[in-house]
Amino acid sequence: MTTETINESLDDVHNDDHHDHKMTGIKRWLYTTNHKDIGTLYLWFSFIMLLTGGALAMVIRAELFQPGLQIVEPDFFNQLTTVHGLIMVFGAIMPAFTGFANWMIPMMIGAPDMALPRMNNWSFWILPFAFAILLGSFFMESGAPNFGWTFYAPLSTTYSNGSTAFFVFAVHIMGISSIMGAINIVVTIMNLRAPGMTYMKMPLFVWTFFITGYLLIAVMPVLAGVVTMLLTDTYFGTSFFDAAGGGDPVMFQHIFWFFGHPEVYIMILPAFGIVSTIIPAFSRKKLFGYSSMVYATSSIALLSFIVWAHHMFTTGMPLFGELFFMYCTMLIAVPTGVKVFNWVATMWRGSLTFETPMLFSIAFVILFTIGGFSGLMLALTPVDFQYHDTYFVVAHFHYVLVTGSLFSIYAGAYFWLPKWTGHMYNESLAKWHFWCSLISVNLLFFPMHFLGLAGMPRRIPDYALQFADFNKWVSIGGFAFGLSQLIFLAVVIKCIKGGDKAPAKPWDGAEGLEWTVASPAPYHTFSTPPKVD
Amino acid sequence: MSRGNQGWLMGGWLFFTGLLSSSAWADTQLNLTKGVTAVSREVYDLHMLALYICTAIGVVVFGAMFWSMAFHRKSKGAKAADFHESTKVEILWTAIPIVILIAMAVPATSTLIDMENNDNSEVTIQITGSQWKWHYKYFDQGIEYYSVLSTPREEYENQNGSFSGNGNAKNENYLLEVDKPLVIPANKKVRFLITSDDVIHSWWVPAFAVKQDANPGFINEAWTNVDEPGVYRGQCAELCGKDHGFMPIVVEVKSSDDYDAWLNEQHAMTAKAADAEKESLSASMNKDELMQLGETTYMAYCAACHQPTGLGLPPAFPALKGSPVATTGSVAEHIDIVFNGRAGTGMQGYGKQLSLKEIAAVVTYERNAWGNDTGDLVQSSDVKAAGGE
């Protein structure tokens, strides 16, 4: 892949004169339609949300440090787990990926900006309101939502507290934001690729976001539907989920997980894209099996629509249903395995170096695979009866979401920080961040497997004495992991303020159009499209 | 090494040894329970099979990665090879996992078919979850009762010791003990019909490998056949509100003879309780008696939500102190709420769970405690009249 034109100079005059100048101060950020600015906004927002959700988690871990009710009341504990989940899923992981999409996709496909820049502005700026509403409900008389991030009816309808309408409204706004972001990504990729860049020449990063965009467009309306049904059940006397009125509480779970399962792939496919960019760069070797990676990602996305009820094996499904969903779920292990094998094959006989992006990527492959193993175990219906709703599940999804998605986000952030800021980050501080995170995150989540197997249910504020030892370790790991993230903040701030000047391509093995523009990337890039062979 | 460093090391060492020795690690369970039924053992075997397969794959995959990391590093002068695709290899590592998956799916399917076979049961028990207790009803036996957490409040609110007093102030079965366990016979197929009165709960006993959701308005089936008499403990597994962590399950498995004896005992007790109910209708209790029984009953059944102080946890659980229901409102309405509950709220009816005498006492208590001082005295006969039996 080579480029002919790299041109962001002012000679290349646009029709729209003021387009080339950015506003200053707060207006620059409020009115911006620039993909880089909006990417930056998304990334900062998601990091703030990560710290917020993390703070809630640390209160949870403080309460669970030892048996007995110490710090919070059970009802408030439920509010903490609920809002922690919602913030991490919708506020931290998803916006972070949208931030990457905004920053990188136009630069990777040689486009001047996202296809729908004004909508881009709006899709970001409604998000802070959604989370202000959600977090604001902590200060209401009834408190924040307390029915778990999965908000199963009728706990979330008839038996919910007074903040349910706010919760529903907040989720609607998050959903609208996600749909707009996804449409923008899909439209950009379909229409603004540089001449010569066919679909099968796109970087895998772009492919994973393309597929994720479709998943979002398909399932976000389902989420909007189910929260609306919840709203009318709670406030307008409908009975979608109330057996007394002819409804069915289990139907809630079917609709929710029809959204929820593709949602978990929405949070992991972009991670695959990031890691598939970084591992080849630091192995100095092309990604192994590019086309099989594309097909594997697509298969995972398609399969994600027919496995939703594996979250519901204990709800009293018929045998045939249980078998169908068990087999389909097990099948997902195949394309996921292909991806892992391809990453290993990419590293095999490469020329490896271990800068921080690579460290996070390697940790991603190993720890995500551990999460995949527990996922495979959970797919087996008979054993799922034992694992379901225990800490084994908590361990599983934190391995895929924290050491999976979040680690890939860190890997990507370190990888592209030089491009974003024009400075190299402080490598030794970044390595501190990596090693502290790696050790503490395993102390935090690995013992949860044992707790779950020993029989500790999730979402309980207090527990029997045989769970005490591990919970103590888990809490210590939790505090350490939470605090370690402040190192990242320090690295980023230092990197923005200064540091060694970054060349256009700071990583010798990196490939892609984004490395053909200067560091920091100029405000406007590829006003004239590059040519791709 | 400086003095400061030594201090840190010493402190750290003490901290970690303190953690390790603070309780008995030997008792800590690492793996899934094998359980005491044929099904639970099949489930355990399946779990171990999956665990071994995953471990083996992990060793191979991570082994290859670590090999690369150790030997294919640039600092050792490794030059990158330039292979980047191989259809043969891709087909191979698609096919092998499929074979492994089939090897897991076969035993999983047969275990699942066993688990879902609810036929030919000898005993049927209906299990009803409600916030936050279990109700057991023996079919064709006329026996039914509630099973409620019996760990004293002082233990989980840490009033038995200081913050750091930890395990010492709690008893062995802390949070896993109930007032009246479910009793089932050993070596008989026992079928459970599981449902709920309010939100979704989930009835889980790990030793039986039975976990089944209790859905309001629907009935789920599960079964077990336990080999060994004994006491088995579990917990509600589905988030069901505030006290989700405080509704354990205890099952006492008795030998056939002991079970029959227990049934007879229960029949006798049921008859006695019915007599007592009748007797209480004509009896009249004085204020002290009512207040005393009222307080015990209130603390056991009402205080979790309305709090010992009567201040509640508004707005979900309103205060009773000074509330119109417990002061200026009519006694009949007050009884009705306690007896039948209030639809659409967390307030459930206690008519099934408490005796007439207990309801009379608790209503009296609520109308006279915390400065409510209405002076109203409620008798069993009033409860019967207002409760709409």
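This is a predicted model: local features need pLDDT of at least 70, side-chain atom pairs count only at pLDDT 80 or more; totals for chains, interfaces and linings use all residues.
Visitor: What elements does chain B have?

Guide: Nine helices and 10 strands. Take its contacts between residues at least 6 apart in sequence: 66% of them join residues at least 24 apart.

Visitor: Why are strand 2 and strand 3 of chain B said to pair?

Guide: Pairing needs at least two bridges. Strand 2 (residues 133–138) and strand 3 (residues 143–147) of chain B are joined by five, so they pair. They run antiparallel. One of the bridges links B:H135 to B:Y146 in strand 3.

Visitor: What lies between strand 2 and strand 3 of chain B?

Guide: Four residues, and the two strands form a hairpin. In the turn, B:D140 has a positive phi of about 60°.

Visitor: How do you know that strand 1 and strand 5 of chain B pair, and in which sense?

Guide: Again the cut-off is at least two bridges. Strand 1 (residues 123–130) and strand 5 (residues 190–196) of chain B share seven, so the pair qualifies. The sense is parallel. B:V123 has B:V190 of strand 5 as its bridge partner.

Visitor: What is the strand order of the open sheet in chain B, and what makes a strand an edge strand there?

Guide: The sheet has five strands in the order 3-2-1-5-8, with mixed pairing. Strand 3 and strand 8 (220–224) of chain B are the edge strands: each pairs on one side only. Neighbouring strands of this sheet are turned by 25° against each other on average, direction ignored.

Visitor: How many residues does each chain bring to the contact between chain A and chain B?

Guide: Chain B brings 86 and chain A brings 86. On the chain B side, helix 2 (38–71), helix 3 (87–115) and strand 7 (210–214) each supply at least two residues. Helix 3 of chain B gives the most, with 14 residues.

Visitor: What classes of residue make up the side of chain B that touches chain A?

Guide: That side has 43 nonpolar, 27 polar and 16 charged residues. Gly counts as polar here.

Definitions and conventions. Residues are numbered from 1 along each chain as its sequence is written. Chains are lettered from A and ligands numbered from 1 in the order in which they are written. Two residues are in contact if their C-beta atoms, placed from the backbone, lie within 7 Å. Axes are lines fitted to C-alpha atoms, for helices over the stretch in contact, and angles run from 0 to 180 degrees between N-to-C directions.
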